[in-house]
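I am opening a notebook on this structure. Below are my entries, in the order I looked things up.

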Amino acid sequence: MMRKYAPLLACLGAVCATPGVAWGQVVKSAGGSEGMAGTFLSSLTERAEQIFASLPTLGGYLARLPQQFGLGMTAVLLGIVVAGLAAEWLARMLLQRSRNGIFARHAGESPMRAFFHAALLDALALLALWLAARIMVGLAGDPRAVPGQIAHQILLGLLYWRGFNFVFRIWLRPQAPEGRMAPVDDTAAARLLVGLNVVVVVPMLGRQALMFMEATGAAPAVIAAASLLVVPVLAAALLYAVWHWRREMAAWLSAMVRPNAALRPLKLAMAQDWWIGGLAFYLVSGLAAILAAVTERTGAARGITAVESLLLLLLLLETLIHRLSHHLPVEVPTVGDVVAACLRLALRLVVIVVATDAILVVALGMMDPTEWEPHARAVRLAAISAFACYLLWRILKYRMDRYMADNPLPSAGMPGDGDDDAPAAASRLRTVMPVIKVTAGIAILILSSLLVLSQLGVNTTPLIAGFSVLGLAVSFGSQSLVRDIVSGIFFLAEDSFRVGEYIDGARAKGTVEGFSVRSIRLRHQNGQLNIVPFGQLTHITNFSRDWTTVKFNLAFAANIDVEVLRKTVKKIGLDMMNEPQFQKELLQPLKMQGLVDIKDGSLVVRFKFTAKPKNPSMIQRMAIRRMYEQLPKLGIDFAKPPYAAAFGNFDSAARVAAQ
């Protein structure tokens with residue numbers, strides 16, 4: 001185990017022994033022997049002893065501070081903060097009525113207009129803070145002197161804090177829900193405003209303390225000793241902040257998950273458990289700050305702060321995009337939804353690229369800027385490629401979803417009661433569109449992954465070879481699965497069936513309700529749903545293509561005039577052909593085909609017509625109804641069963657006997 005991690009321990013030991021040297025240079029000069037672990041431990045011990053030995057020096061430094069700053073200068077430095085905050089509060093109070101008026105006028109009809117107008121008023125309060133604080137900084141004297149430098153640092157820190165507070169306030173608006181961007185209630189907004197300010201102020205105080213010590217001439221060992229004492233306290237405060245405000249932030253994040261979002265349960269679970277990542281981030285940040293204090297690298301604090309600021313800005317921008325797009329319809333895809341999704345990905349990629357640079361170069365110092373430049377270029381190209389592939393997928397998905405929404409599939413579920421409720425078959429493109437969508441998504445995902453990995457310097461040839469061997473093994477081990485998939489491809493390519501058509505597949509029959517890559521779903525007319533693999537469809541009989549000829553028999557009395565029956569039925573068929581209700585459905589009119597049988601003293605006559613296969617039974621029912629209404633008026637009676645005549649004679653005899 002020690003031999004496995006010896007190079008890493010050697011790098012850390014060299015960093016501790018040689019502060020200020022980049023990790024990339026250390027890695028170049030470090031060997032892989034087991035003695036490097038001992039070097040690391042001894043270097044770490046020596047550095048720790050030097051730092052703890054500087055604790056008395058730290059006490060002496062703190063004791064000498066009152067000598068460097070008199071009472072008047074101390075009052076000026078404190079006055080920068082007090083005057084700035086007082087000016088900001090006064091300006092906000094004076095503009096409160098105007099802000100409320102903006103929300104009352106524009107919040108209902110134009111929320112974004114109200115948001116930006118109110119933000120401008122809050123920006124005036126921030127400007128008042130800067131003016132008041134800048135006047136107090138001028139009282140500190142020469143900006144090149146120590147008091148002037150300290151005053152300038154305090155001004156920058158104050159602007160940093162109140163700038164974030166300005167952004168947090170216009171997003172949360174604890175007392176103005178009509179202008180709030182964050183999807184939380186008033187109580188949660190007020191608590192979140194306090195929590196986010198704590199998250200910003202706590203690390204800022206640590207940075208200000210370190211810069212104050214550097215400006216006042218503290219030795220590096222003294223600064224390192226102070227960092228080791230302060231960093232655990234600051235890290236504990238940040239961990240407490242994450243834990244204390246975890247529910248309010250979880251409500252914020254959960255509300256931004258759209259109802260139609262992919263992997264919605266997973267996203268909701270991540271939103272509820274965000275605090276785990278927050279605790280891990282600040283714990284790692286604290287350890288990195290301690291390591292930076294040991295190695296006397298001052299850039300670590302800047303890198304950690306940059307990552308934290310990027311995450312906060314990402315949260316705010318994601319919230320703004322959610323507010324702009326949450327009113328979009330969920331059922332029908334829109335261009336706004338595509339734009340919002342692409343903006344989200346672009347923001348996340350920018351944060352990843354900048355955070356990677358801040359962590360590896362600034363915070364950890366694993367590479368110097370010159371060594372990192374080729375890798376940074378590769379990371380940027382990979383991010384651009386990922387965005388381009390995602391943009392292509394979103395455009396294709398939008399077009400396919402829009403087509404499917406404009407051409408809904410016919411329902412093969414509960415049958416209707418009317419004559420016109422038979423579903424029409426879907427078009428060929430609409431039938432195969434779900435399969436095309438899944439195939440295109442998988443193809444874009446695989447190709448974009450290989451492209452991004454190759455641009456990051458990963459050799460993709462072994463991956464392609466490995467997946468090829470895996471695919472070959474799966475094809476041999478799952479021959480039935482391959483047969484089902486291949487059969488389905490040929491069925492779809494030959495346009496053997498479409499959604500909404502009635503087919504007989506030997507093993508099952510019914511209306512095609514849908515299909516996957518492997519199987520087809522058939523809804524029987526009695527309601528049963530049959531799922532049949534494509535490989536088991538030995539042949540298919542499609543009852544819903546082109547046209548269908550319906551033949552049916554009716555029994556008439558033996559004494560009818562067959563020629564009159566033929567002419568009457570022909571007239572009924574021609575009349576139906578000319579009616580708008582049947583004109584588009586009937587291809588050949590109803591006509592009598594001939595006498596087919598003589599049974600039980602009646603004539604069995606066959607009729608037929610040709611129609612489109614949408615709903616021929618409706619046409620048949622209407623034809624029989626008209627024949628029933630018109631034929632008896634012409635003396636053409638329908639046949640009666642023999643027992644009906646017998647019962648009729650019995651009734652007559654009974655009536656005669658009663659008389």
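**Entry 1: contacts and overall make-up**

Among contacts in the protein chain with a separation of 6 or more, 70% join residues 24 or more positions apart. I then listed the elements and found 23 helices and eight strands in the protein chain. The chain has 659 residues, and 40% of them count as buried.

**Entry 2: confidence**

I note that this is a predicted model. So I checked the pLDDT, which is the predictor's confidence in each residue. The mean for the protein chain is 80. I also see that 83% of the residues reach 70 or more. Which element has the lowest mean pLDDT, and which the highest? Helix α1, residues 6-17, has the lowest, at 39. Helix α11, residues 246-255, has the highest, at 92. I marked residues 1-34, where the pLDDT is below 50. Beyond near neighbours in sequence, that stretch still has 54 contacts in the model. I also marked residues 412-423, again with pLDDT below 50. There I find 14 contacts beyond near neighbours in sequence.

**Entry 3: helices α15 and α16**

I turned to helix α15 (residues 335-363) and helix α16 (residues 369-406). Their axes come within 10 Å. They cross at roughly 165°. An angle over 145 degrees counts as roughly antiparallel, and α15 and α16 are therefore roughly antiparallel to each other. I recorded the crossing of α15 and α16 as right-handed. What kinds of residues make up the contact of α15 with α16? I get 19 nonpolar, one polar and four charged.

**Entry 4: methionine 400**

Is methionine 400 buried or exposed? Methionine 400 is buried, with a relative accessible area of 9%. I listed what methionine 400 touches, not counting residues up to four places away in sequence: Trp393, Met433, Ile436 and Lys437. I followed up methionine 433, which is 33 residues from methionine 400 along the chain. The C-alpha atoms of the two are separated by 7.1 Å.

**Entry 5: helices α20 and α22**

I noted a right-handed crossing where α20 passes α22. Which residues meet here? From α20 I have Thr568, Val569, Ile572 and Met576. From α22 I have Ile619, Met622, Ala623, Arg626, Met627 and Gln630. I sorted the residues of this contact into seven nonpolar, two polar and one charged.

I found tyrosine 160 in helix α8, residues 146-172. Its relative accessibility is 23%, and tyrosine 160 counts as partly exposed. Leaving aside neighbours within four places in sequence, I see tyrosine 160 in contact with Val200, Met204, Arg207, Thr305 and Ser309. Methionine 204 is 44 residues from tyrosine 160 along the chain. Their C-alpha atoms are separated by 8.4 Å.

I moved on to arginine 173, in the loop between α8 and α9 (186-215). Its phi is near 45°, a positive value in a residue other than glycine. Arginine 173 counts as buried, at 5% relative accessibility.

I looked up aspartate 484 in helix α19, residues 479-493. Aspartate 484 is buried, with a relative accessible area of 3%. What does aspartate 484 touch, not counting residues up to four places away in sequence? I wrote down Val517, Arg518, Pro533, Phe534, Gly535 and Gln536.

My last stop was glycine 527, in the loop between β3 (519-523) and β4 (529-533). Glycine 527 is partly exposed, with a relative accessible area of 38%. I compared its place with that of glycine 510, which is 17 residues away in sequence. From C-alpha to C-alpha, glycine 527 and glycine 510 are 9.2 Å apart in space.

Terms used. Residues are numbered from 1 along each chain as its sequence is written. This is a predicted model: local features need pLDDT of at least 70, side-chain atom pairs count only at pLDDT 80 or more; totals for chains, interfaces and linings use all residues. Side-chain values use heavy atoms; hydrogens and water are left out. pLDDT is the predictor's confidence in each residue, from 0 to 100. Helices (H or I, at least four residues) and strands (E, at least two) are DSSP runs, numbered from the N terminus. Contact means heavy atoms within 4.5 Å. A crossing is left-handed if the near helix is turned anticlockwise from the far one by less than a right angle, and right-handed if clockwise. Ala, Val, Leu, Ile, Met, Phe, Trp, Tyr, Cys and Pro count as nonpolar, Asp, Glu, Lys and Arg as charged, and the others, Gly among them, as polar. Buried means under 20% relative accessible area, exposed over 50%, partly exposed in between (1.4 Å probe, protein chains only). Axes are lines fitted to C-alpha atoms, for helices over the stretch in contact, and angles run from 0 to 180 degrees between N-to-C directions. Angles under 35 degrees count as roughly parallel, over 145 as roughly antiparallel, 65 to 115 as roughly perpendicular and the rest as oblique.
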